[in-house]
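Look at the model below and follow the paragraphs with the sequence beside you.

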Amino acid sequence: MAKTNLKDMSKGELESFVHKSGLPSYRTGQLIHWIYEKYVRSIDEITEFSKDLHKRLSEKAYISNLKPLKRESSNDGTEKYLFHLEDGETIESVLIPDADRITLCISSQAGCAMGCKFCLTGEIGLKRNLKAFEIVDQIISVKRVLSLESMVMTPREKRVTNIVFMGMGEPLANFDEVVEALWRMTEFMGISNRRITLSTAGITPKILEIADRSPHVNLAVSLNATTDEVRNRLMPLNKKYPIRSLLDACRRFPLEPRRKITFEYVMLDGINDRMDDARRLIRLLKGIRCKVNLIPFNPYEGSEFSRPSDEKILRFQKVLVNGGLTTLIRKSKGQDILAACGQLKAGYV
């Protein structure tokens, strides 16, 4: 009989498993604690359980773990992790250190079907959706590495502070598993919803649905153009969900006090970086509580696009700021290890 993966169970399924195993209900909480807070790799590592209970549970269940294949470090401190899934697919996660935070960028799919022209991941196509436990396991795996290193290498713990769904894949195209993963992050792992950001290319109907069905995490929208003509070229999804419908959904998205929607804008030389684009962007975002992240294009071999000059980027930012939009220029990190925005490929050829 095939063993059950305890990480592949929701809270209700774990409760049912514990009940059918003839165990008291408090064992559910213990399993959640040891798997999602202590990051144990096997049932035998749960020290609260007796040897007999280890044996009983191990006969019918196991705790899965992502298999680390490669870890690369950038000159700027960014780290890229390549993980092997149980079926042989691979995914990448990126750890990004800043002065006041350490952000882990996680994947929601192996590959991506969106086909955005400026994104290396899109060239792979979609291999498959990730299960909720595979999404969460990226956090567990990286936290486990950092925890072990802090005990032997560093004077103080290097701790992940923020989670962003900006790795491989479109989160809203893997809706149910992403929702389940979000609940596990907040309920099982104790991660604040204010420290989690979900980024989408703009699957419009799912934007409002995610607000209804998941913890209220931060929303980031990959916009990247101010006309449907240009966005159709850059992001094929726009042909189904054009800019007007996308922004209408954003206007209706429920925001808690002091929260804003982030609009990501990858700047491509001669494509979407004109001053007319900046002025249109001000008009498009009017009435939406938001901020804009300008992301200078991160080049990769074979791309048809190039990065605008710093002068042009700064001029674009100035127009937006003068138009009343909070606008930041995102500093690209991890470019020397292909870990910057739009560069993840997960070892595929």
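Ring pairs join F297, Y300 and F305 into a cluster. Rings of Phe, Tyr and Trp (its six-membered ring) pair if their centres lie within 6.5 Å; planes under 30 degrees apart count as stacked, over 60 as edge-to-face and the rest as tilted. The count by this rule is five aromatic pairs. The pair of Y81 and F83 is stacked, because the ring centres are 6.0 Å apart and the planes are at 10°. Buried means under 20% relative accessible area, exposed over 50%, and partly exposed in between, with a 1.4 Å probe and protein chains only. Y81 has 3% relative accessibility and so counts as buried. F83, at 2%, also counts as buried.

This is a predicted model, in which local features need pLDDT of at least 70 and side-chain atom pairs count only at pLDDT 80 or more, while totals for chains, interfaces and linings use all residues. Residues are numbered from 1 along each chain as its sequence is written, and side-chain values use heavy atoms, with hydrogens and water left out.

A charge sits over a ring if NZ of Lys or CZ of Arg is within 6 Å of the ring centre and within 35 degrees of the ring normal. K38 lies over the face of W34, 5.8 Å from the ring centre. The charged end of K206 is over the ring of F175, at 4.6 Å from its centre.

Helices here are DSSP runs (H or I, at least four residues), and strands are runs of E of at least two, numbered from the N terminus. On the α6 side, T204, I207 and L208 meet S245, L246, A249 and R252 of α8; contact means heavy atoms within 4.5 Å. By class, this contact has four nonpolar, two polar and one charged residues.

Two loop residues remain. N65 is in the loop between β2 (61-62) and β3 (67-73), and its relative accessible area of 22% makes N65 partly exposed. Apart from neighbours within four places in sequence, N65 contacts K7, V40, R41, D137 and R144. I124 is in the loop between β7 (109-111) and β8 (126-129), and at 16% relative accessibility I124 counts as buried. I124 and L344 are 220 residues apart along the chain, with 9.9 Å between their C-alpha atoms.

Conventions:
Nonpolar A, V, L, I, M, F, W, Y, C, P; charged D, E, K, R; others polar.
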